[in-house]
Structures are given as C-alpha cells and as structure tokens.
Amino acid sequence: MRRKTLLTIILLLCSFMVPAQRAIGTWRSHAAYHNATQCVAVGDKIYVVSDGSLYSFTPDDEWVECYNKTNLLSDQGIRHIAVDEQSGTLVIIYNNANIDLMRHDGEVTNITDYTNKAILDPMINDIRIVKGNAYLATNFGLTVLNIERGEFANTYTLGKVTHSCIELGGYIYAATAEGIYCGSLEDNLLDTKNWKQMSVTAYAKIEILGNELLALK
C-alpha cells in the first residue's frame, strides 16, 4: 500500500510539472511512469527508468523531475541506464541504440556515431561501467565507450549475441549465447582467435563482486 501511495504521489508531481496550457505549435510530453525497471544513484538524486521514460527523485526534499525529448533528452524509449561514479555521468541507452551522456552539471551530450554507422545489428543488450569506460554488450559482440571523451575506444566483433560484458584485472569477459569468452587487453582482441572460451553455459549477466567475477543465469 505504501509503495502504491508513493508512486501515486510521484505521478501527480510529474503531471504538475507540465503546464496545463501551452501555446499553439508547441509540444507536450505524454510519457508513462507506471512500471519502474531500473534505478541508479547519482549524487543526491535517484534516477529511475519507468516504461521507457526517465525521472529523478531527490530524497532530501522529495523533489521529482521528469526528463524527456521536449526538455533535455535527445530521444525517447530508454532501454538501459548506468552511472559512471568517477565523473557522475549518467549513461542513457535508447531502444534504437542512440546514446545520451548526462553530465553532473546537467549538460547532455548525444552520441549518434554508433547507431548511425553500425553495419551489424546495433541492439545494445546490457551496459557495464568500469574505470570510466562503458562496456556495451551487443548482438554482434561488444564495444567500449570512453565516457569522458564521449568516443568509442574499441569494438570487438565476436559474431555472437552478447548478453553482458565486463573488464576485470586486465581481461574482458563476454557472456554470449554460446558461453563465456575471455580476452586479455594485452592481446589484439580485434582478432577473434585471441578470445578464449571459458564456459559453454549461457549466462544472462556478468557482475563484479569484490575482485571476483559473478555470472548470473
């Protein structure tokens, strides 16, 4: 009951933030905020993805702010979010593989290179951030985004649907539909022969627990 009450309050606050009347020719957002699927903490705010839309909640003053294409974001239909704790940057991945970087000062950098130049299926299945790099698991392998520069550092075409990927101890681990593969950053990982299969079991996610790798079905 308390959860439903809080959600109702958030929905009402979001609706109040949009003016009741707008001039002819302007746009009004009608985003949905019913089913929360992801949340991350950035500074004093908690960012939540709900029905593909984004809002933030500040616990200290209970302030709710809604974000959309009409006020800050560059696209709609959010698939994933993650935070780079080093810079306080929120990485936003859309269903069409478009990417926004929301900096700690509120500035948004839109990165279209990946989705515009992708030859293979650009679908991004998961995101993990390590040491300022966003590791993006895709339907063809994985790609690495340097968050500070807003540039892609490397793309590794494994030829396999990759559910999740992560970097740990100088190695990149990729959980694919054909099992877990591992590659050393000291090797040329553009060559698929340098990726070693560690497991034939397909896992949905790879996480880091302390200094160890945790694979989840």
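Predicted model: local features only at pLDDT ≥ 70, side-chain atom pairs only at ≥ 80, totals over all residues.
I asked myself how exposed L214 is. Its relative accessibility is 35%, so I put L214 down as partly exposed, since that class lies between the 20% and 50% limits. I then looked for its partners on the surface.

**Entry on the pocket.** Next I went looking for open space. How much space lies in the largest pocket? I noted about 460 Å³. I counted 19 residues in its lining, and I marked A82, V83, I127, R128 and I129 as the ones that lie nearest the centre.

I also wanted to know which strands supply the lining with at least two residues each. My list has strand 1 (36-42), strand 5 (78-84), strand 9 (124-130) and strand 17 (205-209). Sorting the lining by class, I wrote down nine nonpolar residues, seven charged ones and three polar ones.

**Entry on strand 1.** I stayed with strand 1 for a moment and picked A41, which lies in it. Is A41 buried or exposed? I have it as exposed, because its relative accessible area is 54% and the exposed class takes values over 50%. I then checked A41 against T58. The two are 17 residues apart in sequence, and from C-alpha to C-alpha I read 9.8 Å in space.

**Entry on two loop residues.** I turned to backbone angles and stopped at D51. Its phi is near 55°, a positive value, and D51 is a residue other than glycine. I placed D51 in the loop between strand 2 (45-50) and strand 3 (53-58). With 34% relative accessibility, D51 went into my notes as partly exposed.

Then I came to E62, another residue other than glycine with a positive phi, here near 60°. Where is E62 found? I traced E62 to the loop between strand 3 and strand 4 (63-67). I noted E62 as exposed because its relative accessibility is 55%.

Methods
Residues numbered from 1 in each chain as written. Heavy atoms only, no water. 1 Å grid on protein atoms, 1.4 Å probe; cavity = no way out; pocket = protein on both sides within 12 Å on 5 of 7 lines; lining within 4 Å. Points joined across faces, edges and corners; volume = space filled by probe spheres on them. Helix = DSSP H or I, 4+ residues; strand = E, 2+ residues; numbered from the N terminus. Nonpolar A, V, L, I, M, F, W, Y, C, P; charged D, E, K, R; others polar. Buried < 20%, exposed > 50% of the residue type's maximum accessible area, 1.4 Å probe, protein only.
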